[in-house]
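Reader: I would like to go through the terms used for this model. Please set each value against its cut-off.

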Amino acid sequence: SLMIGNSESEIKRENNLIRLFKAKQVDGLIIAPTKISKIEIQNLVDESFPLVLFDRYFPEMKTSYVIIDNEECSYKLVHKMISNGAHKIAIITTNAHLRTMNMRREGYSRALLEANIPIDADLYGEVPFVDYEKNIHKTLDQIFERVPDVDGFFFTTHILALEAFRYFYGKGIKINEGYELACIHSVSAMRVLAPKMMIAQMPIDKIGKNSIEVLLKSIDHHLNKPEEKEEAETIILNCEI
């Protein structure tokens, strides 16, 4: 049986879900954690409870996890934007406390530095995740005010890109003309909103399949070799550009 819960990135809901699933005596957990969920996950690790993290992880914690190659995917996208002529590329991001988001920013920075383009703080847009639908408008206003000749936007997640398009169309900005666009992951609506936007498509099926396989091995180890220390397994997957 499979039980699914959505924390909506809220720490209280996430902790309640972890405790609920444990109370239901599940065999293992697959978790996309918030940064501040560390205590509950550390408790699971201390108990040698079978678990796998995906999409996000804690570098200092010995847990198995499945992620994409965040830095390399970001680097490839921004490198291509530069090759296409963009030199004032804004990065729009959120949840900067997450290591995976930092890796995406590092890929962006590496591509700029490699092309001898200075990193401009005025092109850095960090959107608070809570009420991001409203907060992104303020972030984009600031970027256009400080760098009116911005010529590219790199979105570290598709949810920010979607809200940005509401902003662009509301302001009458012809974002598909004169701007380079790139995003980590996408939804089908983007084919209409930005048909030329470059995408690093996350391999969702592979993330799910690998997460399940790692978890099943962990459960088997927990049942059959409880006295032996289990080695954490790391899987880093490529995106399709």
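Reader: Where is the place of isoleucine 30?

Author: Isoleucine 30 lies in strand β1 (residues 29–31). Strands are DSSP runs of E with at least two residues, helices are runs of H or I with at least four, and both are numbered from the N terminus. The model is predicted: local features need pLDDT of at least 70, side-chain atom pairs count only at pLDDT 80 or more, and totals for chains, interfaces and linings use all residues. Residues are numbered from 1 along each chain as its sequence is written, and side-chain values use heavy atoms, without hydrogens and water.

Reader: Why is isoleucine 30 called partly exposed?

Author: Its relative accessible area is 32%. Buried means under 20%, exposed over 50%, partly exposed in between (1.4 Å probe, protein chains only). So isoleucine 30 is partly exposed.

Reader: What makes the pair of tyrosine 108 and phenylalanine 154 stacked?

Author: The structure holds 11 aromatic pairs. In this one, the centres are 6.3 Å apart and the planes are at 10 degrees. Rings of Phe, Tyr and Trp (its six-membered ring) pair if their centres lie within 6.5 Å; planes under 30 degrees apart count as stacked, over 60 as edge-to-face, the rest as tilted. The pair links helix α4 (residues 99–114), holding tyrosine 108, to strand β6 (residues 152–155), holding phenylalanine 154. Both residues are buried.

Reader: Why is the pair of phenylalanine 153 and phenylalanine 155 stacked?

Author: The ring centres are 6.2 Å apart and the planes are at 15 degrees, so this pair is stacked. Phenylalanine 153 and phenylalanine 155 are buried.
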